Amino acid sequence: MSFVQGRYQSSSAAQTEKLGGELAERLAPGDVVLIEGELGAGKTTFVRGACRALGVAGAITSPTFTIGNRYRAPVAVSHLDLFRVAGLAAEEPDLLADYLGSDTIAFVEWPKAERETIAAFARVAALVRIEHRGGDERLVEIA
Ligand SMILES: Nc1ncnc2c1ncn2[C@@H]1O[C@H](COP(=O)(O)OP(=O)(O)OP(=O)(O)O)[C@@H](O)[C@H]1O
Ligand SMILES: [Mg+2]
């Protein structure tokens with residue numbers, strides 16, 4: 001993780017996807033990546049780049065009717081969006097267990113309030129924060 005850790009300026013969706021891809025190359029099964037940022041910051045864009053780099057084929061879109069999507073790839077990949085699920089800790093923990101596991105690399109959008117819940121399930125490998133900087137500019141922080 002040490003290489004990719006830091007603060008990056010992104011000027012396009014493609015650049016943010018590339019950052020996602022660079023982080024993805026350093027991940028291993030069981031890793032969970034948390035992605036924070038406002039509405040439209042580019043969280044899903046970042047995850048799309050990461051999923052592509054991990055060998056996910058086909059469309060990579062936000063989960064809509066479920067909290068997450070699962071993708072088949074050399075290593076299974078999950079993409080969760082907890083934006084709409086407030087107070088997950090009080091919910092059925094099995095909801096998360098379907099998407100996290102030692103055989104899976106998982107990306108989770110909007111975890112701020114849910115950090116501890118997720119940390120109890122899996123090793124958090126990286127925390128990504130994306131901030132609007134006007135127009136297409138974004139600040140992407142990987143820690
Ligand atoms: N530098 C950039 N990085 C990422 N996305 C960008 C950038 N510049 C413009 N965009 C555009 O901003 C939008 C980001 O949408 P995206 O769905 O990735 O955000 P999100 O943070 O996942 O939003 P949500 O909170 O709805 O889940 C896309 O339309 C993308 O093309
Ligand atoms: Mg999103």
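**Strands and ligand**

Tutor: Let's start with a pair: Arg70 has Ser78 in strand 4 as its bridge partner. Strands here are DSSP runs of E, at least two residues, and helices are runs of H or I, at least four, both numbered from the N terminus. This is a predicted model, where local features need pLDDT of at least 70, side-chain atom pairs count only at pLDDT 80 or more, and totals for chains, interfaces and linings use all residues. Residues are numbered from 1 along each chain as its sequence is written, while chains are lettered from A and ligands numbered from 1 in the order in which they are written.

Student: How many bridges join strand 3 to strand 4?

Tutor: Four, with strand 3 (residues 68-71) and strand 4 running antiparallel. Strands pair if DSSP finds at least two bridges between them. A hairpin of four residues links strand 3 to strand 4.

Student: And in which sense do strand 4 and strand 5 pair?

Tutor: Parallel, over six bridges, with strand 5 covering residues 104-109. Ala76 has Thr104 as its bridge partner in strand 5.

Student: Is strand 4 mostly covered or exposed?

Tutor: Mostly covered: five of its six residues, 76-81, are buried (20 or more other C-beta atoms within 10 Å of a residue's own, C-beta atoms being placed from the backbone).

Student: Switching topic, which residues are closest to ligand 1?

Tutor: Thr16, Gly42, Lys43, Thr44 and Thr45, out of 19 that surround ligand 1 (C-beta atom, placed from the backbone, within 6 Å). Helix 1 (13-24) and helix 2 (43-53) are the elements giving two or more residues to that shell.

Conventions. A residue is buried if 20 or more other C-beta atoms lie within 10 Å of its own, exposed if 12 or fewer, and partly exposed in between; C-beta atoms are placed from the backbone.
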